[in-house]
Amino acid sequence: MSAKEENHLPYFAILFFLTCIVGFTMQCASKKSFVKLVTKEKETGLLYLVRPDHTSLSIWDYECLISRYPDKFSSSIKPTPIFKIELENASLGYIRLPEGTYRLDVIGKEDTTKVFQIKNGEEKYFELKIFSETKLSRSELTFKEFNKESALTEILSTPTFTESRFESVQMPIE
């Protein structure tokens, strides 16, 4: 082996190692594709949170938080965080919630809040809408309620829609 080939050997080893790490990570982080809507139940409400496919705005993932208000809504009462979900481009999540008043937020974006009520047997669909007026401006986020037909149209028009899971954020009781 020449001296020139020996100088490149560590770079090839590092490149091979990084390729293996990325491949392993991508295999472990497999995404579940959207298959069908779940059926509603009489004892709970059903919330769908959809992030449409917007290729130009797909760089960032957004973590959303669902909090529950005790009894009735009041702006003076701080709701209790109960679930979070990370939404990537072209993804959705769904969760069954007991009847009540809830707040939906994007973590780190104080101006993106939606307060809503859900009743037993009801289905709600919210879209995380991302606006960007120019390529250099910061994105504006909002939650927009839309109907089942619009949600299905959005989901089915994109062949790579993935399903994200809600995770509990409540502290365990000891």
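## Close-up views of a predicted model

View 1. In strand 8, Val50 finds its bridge partner in Glu127. Like every view here, this one comes from a predicted model. The two strands concerned are strand 2 (residues 45–51) and strand 8 (residues 123–131), which pair in the parallel sense over 5 bridges.

**View 2. Strand 8 meets strand 9.** Strand 8 also joins strand 9 (residues 140–145), this time running antiparallel, with 6 bridges between them. To find your way around, look for Ile130: its bridge partner in strand 9 is Leu141.

**View 3. A cluster of three tyrosines.** Here Tyr48, Tyr94 and Tyr125 are linked into a cluster by ring pairs. The model has 4 aromatic pairs in total. One of them, Tyr48 with Tyr94, is tilted, with 5.6 Å from centre to centre and 45 degrees between the planes. This pair connects distant parts of the chain, since Tyr48 sits in strand 2 and Tyr94 in strand 5 (residues 91–97), 46 residues apart. The rings of Tyr48 and Tyr125 have centres 5.1 Å apart and planes at 5 degrees, so this pair is stacked. Tyr48 belongs to strand 2 and Tyr125 to strand 8, so their pairing ties together parts 77 residues apart in sequence.

View 4. Tyr94, at 24%, is partly exposed, because the cut-off for buried is under 20%.

View 5. A handy landmark is Arg68, which stands opposite Tyr102 in strand 6.

**View 6. The second largest pocket.** This pocket has a volume of about 160 Å³. Its lining is made up of 13 residues, with Leu65, Arg103, Asp105, Val106 and Ile107 nearest the centre. Strand 3 (62–69), strand 6 (100–106) and strand 7 (109–118) each contribute at least two residues to that lining.

How values were computed
Residues are numbered from 1 along each chain as its sequence is written. This is a predicted model: local features need pLDDT of at least 70, side-chain atom pairs count only at pLDDT 80 or more; totals for chains, interfaces and linings use all residues. Side-chain values use heavy atoms; hydrogens and water are left out. On a 1 Å grid over the protein atoms alone, a cavity is a set of points where a 1.4 Å probe fits but cannot get out, and a pocket is an open set with protein on both sides within 12 Å along at least five of seven lines; lining residues have an atom within 4 Å of a point. Grid points are joined across faces, edges and corners, and a volume is the space filled by probe spheres set on the points. Helices (H or I, at least four residues) and strands (E, at least two) are DSSP runs, numbered from the N terminus. Two strands pair if DSSP finds at least two bridges between them. Rings of Phe, Tyr and Trp (its six-membered ring) pair if their centres lie within 6.5 Å; planes under 30 degrees apart count as stacked, over 60 as edge-to-face and the rest as tilted. Buried means under 20% relative accessible area, exposed over 50%, partly exposed in between (1.4 Å probe, protein chains only).
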